[in-house]
Amino acid sequence: DRAWVKEAYAAAYRPGGDGGYEAEFRIRRADTGEERWVLARGRVRLDAAGGLVSATGILLDTTARRHAERALSESEERYHLAIASFQGAVYETDLR
């Protein structure tokens with residue numbers, strides 16, 4: 001992920017742009033080696049000469065959301081496979 005993330009940051013510093021950046025990417029923790037997903041979002045402000053005036057941003061850990069999205073997708077796929085292979089019939093009865 002490193003190459004395209006570096007490009008997203010570099011684009012924010014180019015004159016003429018809006019200075020915004022957003023990238024969701026994987027990192028590997030140095031202490032445990034664990035892979036995590038993070039979302040980086042921010043904005044840089046440049047002066048007329050292209051020098052950095054200010055930079056603000058956030059870094060959010062999105063690993064749990066990524067895992068939940070993957071689990072939901074897998075569950076939906078299993079459901080659709082079950083429905084597609086169902087050979088029976090479904091009856092609806094009104095017992096009023």
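Okay, let's start with Thr 63: it's buried, at 3% relative accessibility, where buried means under 20% relative accessible area, exposed means over 50% and partly exposed is in between, with a 1.4 Å probe and protein chains only.

Quick word on the model: it's predicted, local features need pLDDT of at least 70, side-chain atom pairs count only at pLDDT 80 or more, and totals for chains, interfaces and linings use all residues. Residues are numbered from 1 along each chain as its sequence is written, and side-chain values use heavy atoms, with hydrogens and water left out.

Back to Thr 63. This residue sits in helix H2, residues 63-85; helices here are DSSP runs of H or I, at least four residues, strands are runs of E, at least two, and both are numbered from the N terminus. Leave out the neighbours within four places in sequence, and Thr 63 is in contact with Arg 36 and Trp 37, contact being heavy atoms within 4.5 Å. With Trp 37, the Thr 63 side chain reaches the backbone nitrogen at 2.8 Å.

Now helix H1, residues 2-12, which is where Trp 4 lies. Trp 4 is partly exposed, with a relative accessible area of 42%. Not counting residues up to four places away in sequence, Trp 4 touches Ala 23, Glu 24 and Phe 25.

So which residues of H1 are buried? Those are Val 5, Ala 8 and Ala 12. Strand S1 (20-28) and strand S2 (35-46) are among what covers the buried residues of H1.

Methods. A polar contact is a pair of N or O atoms within 3.5 Å; within protein, one must be able to donate a hydrogen and the other to accept it, and residues adjacent in sequence count only if both atoms are side-chain atoms.
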